[in-house]
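This briefing is intended for a reader who has the sequence and coordinates at hand. Please consult the entry below before turning to the notes.

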Amino acid sequence: MPRKSPRSRRRPPEPRLPEKARPRTTPGRKPAGRRSAPDRVAERVPRVAHARRGAGAAGERRSAVAARAAAVAAILERLYPDARTPLTHANALQLLVATILSAQCTDARVNLVTPGLFARFPDAAALAGADRAELEELIRSTGFYRNKAKAIQGCCAAIVARHGGEVPRDLEALVELPGVGRKTANVVRGSAYGLPGIVVDTHVQRLAHRLGFTVERDPVKIEFALQPLLPEPRWSAFSLWLIFHGRRVCVARKPRCSICPLSPHCPRLGVTSAA
Ligand code: SF4
């Protein structure tokens with residue numbers, strides 16, 4: 001009797017069961033990769049709802065996030081006891097103008113420019129009435145000098161017209177000045193007037209995420225998410241501490257987590273590579 005080839009000895013395939021009668025791989029659980037679109041949406045909903053409530057990015061309760069924020073603030077206060085704005089200024093107007101100049105420019109460069117600028121144009125009226133070409137030349141090295149000159153003159157003209165030449169303290173009045181957003185307004189309130197205000201710059205944005213304080217991306221939403229975590233008198237200092245820490249330790253590319261004193265309190269959200 002001739003031997004069968006291996007191919008002919010193979011068992012015929014079992015008939016496929018109709019879709020409904022097919023058993024699931026694990027009872028009560030659908031096979032991976034076969035979830036319906038509504039199922040996938042439902043899986044995301046709790047996270048989104050949680051984010052909208054403003055709790056921490058790591059899914060903690062708000063009280064736990066606040067406790068962690070207090071611990072982080074206490075460590076940062078010890079690390080940076082003398083933290084103050086690096087922009088040299090003698091009054092609120094000088095700080096306001098220096099902050100406008102600091103956009104896309106280092107604080108050191110701004111500090112080189114402002115002494116000459118304020119010697120030539122010492123107050124809001126002088127800056128508002130300055131020859132535009134001369135003003136642009138004085139601030140040219142800070143970059144974007146045409147836009148900055150326009151912003152400074154528009155802002156100073158409004159300060160003269162609406163506030164008698166004095167920079168207002170009120171947040172609403174400050175943000176109504178041309179070229180002044182909440183970040184600049186909070187810098188002036190905190191560093192010139194000693195009033196509460198959380199400054200959300202690129203460092204504060206980054207650290208607020210990594211430390212799991214908020215899932216928000218918009219700077220204004222981050223500001224509102226951080227406010228309830230600490231008492232008002234600590235708002236201004238807290239943002240300065242975060243800025244200092246963001247420049248020295250929790251840098252953008254490779255945060256120095258191995259030497260960071262905040263490490264025990266930090267979930268390091270979004271950190272993929274650290275030194
Ligand atoms: S532990 Fe790392 S991610 Fe967290 S604050 Fe420190 S440097 Fe930044």
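The points below are grouped by topic, from the overall fold to individual elements.

The model is predicted. Its protein chain contains 13 helices and 0 strands, and 33% of its 275 residues count as buried.

**Overall fold**

- Read along the sequence, the secondary structure of the protein chain follows the pattern α-α-α-α-α-α-α-α-α-α-α-α-α.
- Considering contacts between residues at least 6 apart in sequence, 59% join residues at least 24 apart.

**Helix 13**

- Helix 13 comprises residues 235-248, and at 1.5 Å a residue its 14 residues should span 20 Å; the end C-alpha atoms are 20 Å apart, which agrees with that expectation.
- This helix is mostly covered, with 10 of its 14 residues buried.

**Helix 11 against helix 13**

- Two packed helices are described by the angle between their axes and the distance between the axes.
- For helix 11 and helix 13, the axes come within 8 Å and cross at roughly 85 degrees.
- Because angles of 65 to 115 degrees count as roughly perpendicular, helix 11 and helix 13 are roughly perpendicular to each other.
- On the side of helix 11, the contact involves His-203, Val-204, Arg-206 and Leu-207; on the side of helix 13, it involves Ser-239, Leu-242, Ile-243, His-245, Gly-246 and Arg-247.
- By class, the residues of this contact divide into 4 nonpolar, 4 polar and 2 charged.

**Surroundings of the ligand**

- The ligand is surrounded by 14 residues, and the closest are Cys-250, Pro-255, Cys-257, Cys-260 and Cys-266.
- The shell around the ligand has 10 nonpolar, 1 polar and 3 charged residues.

**Ala-90**

- Ala-90 is located in the loop between helix 3 (62-79) and helix 4 (92-101).
- Ala-90 counts as exposed because it has 11 C-beta neighbours inside 10 Å, and a residue is exposed if the number is 12 or fewer.
- Ala-90 and Phe-118 are 28 residues apart along the chain, and their C-alpha atoms are separated by 9.9 Å.

Key
Residues numbered from 1 in each chain as written. Predicted model: local features only at pLDDT ≥ 70, side-chain atom pairs only at ≥ 80, totals over all residues. Helix = DSSP H or I, 4+ residues; strand = E, 2+ residues; numbered from the N terminus. Buried ≥ 20, exposed ≤ 12 C-beta atoms within 10 Å, placed from the backbone. Contact = placed C-beta atoms within 7 Å. Expected span 1.5 Å × (residues − 1). Near = placed C-beta within 6 Å. Nonpolar A, V, L, I, M, F, W, Y, C, P; charged D, E, K, R; others polar. Axes fitted to C-alpha atoms, helices over the stretch in contact; angles between N-to-C directions. Parallel < 35°, antiparallel > 145°, perpendicular 65-115°, else oblique.
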